[in-house]
Amino acid sequence: MTTPPSPPAAERTDGSSVRIGALVPLTRPGWVEAGQHLLAGLELAVREVNDGGGIVGRPLELLVRDTAADPQRAAAAVDELAHLGVAALAGEYHSVVARAAAARADTLGLPFLCSSAVLDALTEQPTEWVARLAPAQSHGWRIYADFLLSAGHSRIAVAAEPSVYWASGARILRDYLAPRGGTVIELDMRALAPTAVCDELVDNRATALLLLVGHPEPAVSIVKSVRRDQRLAEIMIGAPAGQPEFAEWATLLGEDSTAIPFLRYLPESLSPLGARVETALRERLAEAPSFVAFEGYDTVAVLADVLRSHGANRARTAASWPRVAVEGTRGQIEFSRTPGISVWQWAWTPVQVVDRDPARPDRFRILHAG
C-alpha cells in the first residue's frame, strides 16, 4: 500500500504549531519604526492567543521576515514561507512591497491578510486569497482632500518622488480636488533640491505643500527649508502618508515637527479592548503605540479567529474572508467587495486627520474625521 504524502505543516493535527508568516520592514530603506510597531502588535496578539489556549490547543507561531521595503525580497520571503508550510501571511507596511507579496501569494494560493498597505490596486486582478485591514488609499486621501478644502486650501503643491504609491496619491488628490475648485501643482523631487522647493511654492502661490516623499529624507530637509523661509510663514505643510505619526519625526524635527496634518486610522475614543491593547503595546514599545501597532494586533486577531473556525487549511481560510466578524481594537472587522478594490476589504476602519500639537509635540490634535 502506498503511504500518502505528509500534509504541509500548517495542516497537521499532531499538536505542532500553527504558523503565520509575517512580512515587516525592519531595516533601511524600509520605514523601520513603522515595522517595529507593526511587529509589536503582531507579537502581542500571538502571545494573547497562546495564553488563551492557542488554535484549538495548538500554539500559534510567527515566522518573521524583514522585507526592508524591497518588493523582490518580499516575494522571495513569500516563496520561502509557503514552503515552510505557513497557514497564512500577515503584515507589511509599504504599499509597493505589499503589492509584490500579494501577487505572489495569489499565485501560490496562500492567504494574505495585509495589515497596513493602502494602495487600491494591491493586485492586478481581483483575488480571493488577499484581504486587507487598512483603508484603501482612495478612501483615506479623499477624506484628507476634504480636510484641505475645509481649511481653505485650493492651491496645493505636492513634493513628489517617483513611485506607484506617490503617483496614485497625487492622482486621487487631483481628481477629487479639481471638480471642487482645487488645483494640484506637482513638484518633481528628482529635479529639485529642498531649498528650490521654496521658490516653486512662492512662484505658484501655493497655500499648502504636501509631502509625497520618503522618510526621513527628503521629507525632513523639505520641512526645515520651508519652515525657515520667511516668504512661506503662512503655508501649511501636510503629510497624508503619515510621516509625523512616529516619534522619530519629532526627534529629528523638534518644533518643526508640529502642525503637519497626516492621516491616522484610529477612532476618536478606543473601546475597552482597544484601551487594554493600547496599554499593553505602550509597555512593549516603551512609547505610545501608533495606529500601525493596532493594525498588527487586529491582523492576528482576525487570523486566529479564522483558524479556530476553519482549521489551518489555506483554501478554507481564503474562502472565509466574507464570513469574518471579529471585534478589533478599532471596531468590528468585516470584509466585503468594494468597487475598484481588488481584494477583500474592511470598509472602513476609522480615519482621522491629525497633527502634533505645537504646545505639546507628543500630543495629537484631531482636526478632521471621516
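Good morning. I begin with a pair of strands: E4, residues 112-114, and E5, residues 130-132, run parallel and are joined by three bridges. Within this pair, Cys114 stands opposite Arg132 of E5. Please bear in mind throughout that we are looking at a predicted model.

In what order do the strands of the open sheet come? The order is E2-E1-E3-E4-E5-E14-E13, seven strands in total, and their pairing is mixed. At the edges lie strand E2, residues 60-66, and strand E13, residues 335-336, each of which pairs on one side only.

Helix H1, residues 32-51, lies across E1 (18-24), E2 and E3 (88-91). Relative to E2, helix H1 runs at about 165°.

Let me now consider how two helices meet. Helix H2, residues 71-83, packs with helix H3, residues 95-108, at an angle of about 35°, and their axes are 8 Å apart. The crossing of H2 past H3 is right-handed. Which residues form this contact? From H2 come Pro71, Ala74, Ala75, Val78, Asp79 and Ala82, and they meet Val96, Val97, Ala100, Ala101, Arg104, Ala105 and Leu108 in H3.

I shall close with two individual residues. The first topic is Ser168, which is placed in helix H5, residues 164-177. Is Ser168 buried or exposed? Ser168 counts as buried, because its relative accessibility is 7%, and the cut-off for buried is under 20%. Setting aside residues up to four places away in sequence, Ser168 touches Leu119 and Gln137. Between Ser168 and Ala304 there are 136 residues in sequence and 33 Å in space, taken from C-alpha to C-alpha.

The other residue is Thr338. Where is Thr338 found? Thr338 is in the loop between E13 and strand E14, the latter being residues 344-346. With a relative accessible area of 15%, Thr338 is therefore buried. Apart from its neighbours within four places in sequence, Thr338 is in contact with Gln345, Ala347 and Trp348.

Thank you for your attention.

Definitions and conventions. Residues are numbered from 1 along each chain as its sequence is written. This is a predicted model: local features need pLDDT of at least 70, side-chain atom pairs count only at pLDDT 80 or more; totals for chains, interfaces and linings use all residues. Side-chain values use heavy atoms; hydrogens and water are left out. Axes are lines fitted to C-alpha atoms, for helices over the stretch in contact, and angles run from 0 to 180 degrees between N-to-C directions. Helices (H or I, at least four residues) and strands (E, at least two) are DSSP runs, numbered from the N terminus. A crossing is left-handed if the near helix is turned anticlockwise from the far one by less than a right angle, and right-handed if clockwise. Contact means heavy atoms within 4.5 Å. Two strands pair if DSSP finds at least two bridges between them. Buried means under 20% relative accessible area, exposed over 50%, partly exposed in between (1.4 Å probe, protein chains only).
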